[in-house]
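Hello,

Here is the structure we talked about. Please have a look, then read the notes below it.

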Amino acid sequence: MRWLTVTLVTLLIALQWPLWLGKGSWFRVWQLDRQLQQQRTLNQQLIARNAALDAEVRDLKQGTDAIEERARNELGMVKNGEVFFQLLAPASANR
């Protein structure tokens with residue numbers, strides 16, 4: 001009888017091994033699900049970034065306001081007839 005019990009327990013362990021620890025195990029499925037959720041989060045962030053870039057490109061193609069704003073902020077350009085004032089930080093008293 002003892003021999004039959006040992007055989008059945010061994011058979012049960014042999015059948016359960018792939019389910020818990022094998023290539024297609026529950027643990028591996030859980031890991032892949034976690035990776036999938038991380039990738040979906042990253043994809044949502046990238047979709048939002050791409051939408052913002054697309055809106056900026058459309059604005060640059062259609063209107064001159066965005067181009068003018070970029071020229072002023074990034075290149076320091078001024079329109080004809082405008083007066084430009086540059087404010088300097090006060091000099092430190094520790095000279």
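Which side chains meet in a salt bridge? Those of Arg58 and Asp54, at 3.0 Å, N to O. The term needs a side-chain nitrogen of Lys or Arg within 4 Å of a carboxyl oxygen of Asp or Glu. A search of the whole structure finds one such bridge. Both Arg58 and Asp54 lie in helix H2, four residues apart, about one turn of the helix. Arg58 is partly exposed at 43% relative accessible area, and Asp54 is partly exposed at 40%. (Buried is under 20%, exposed over 50%, partly exposed in between, with a 1.4 Å probe and protein chains only.)

Some ground rules. This is a predicted model, in which local features need pLDDT of at least 70, side-chain atom pairs count only at pLDDT 80 or more, and totals for chains, interfaces and linings use all residues. Residues are numbered from 1 along each chain as its sequence is written, and side-chain values use heavy atoms, with hydrogens and water left out.

Confidence: pLDDT is the predictor's own score per residue, from 0 to 100. The chain has a mean of 85, and 97% of its residues reach 70 or more. Helices here are DSSP runs of H or I, at least four residues, numbered from the N terminus.

H1: its 20 residues should span 28 Å at 1.5 Å a residue, and the end C-alpha atoms are 27 Å apart, which agrees. The expected span is 1.5 Å times one less than the number of residues. H1 bends by about 30° at Leu15, and Pro18 follows within four residues. The bend is the angle between axes fitted to the seven residues ending there and the seven starting there.

Leu8 lies in H1 (residues 2-21) and is partly exposed, at 48%.

Loop: Gly24 sits between H1 and H2. Gly24 counts as exposed, at 63% relative accessibility. Gly24 and Ile47 are 23 residues apart in sequence and 32 Å apart in space, C-alpha to C-alpha.

Best wishes

How values were computed:
Helix = DSSP H or I, 4+ residues; strand = E, 2+ residues; numbered from the N terminus.
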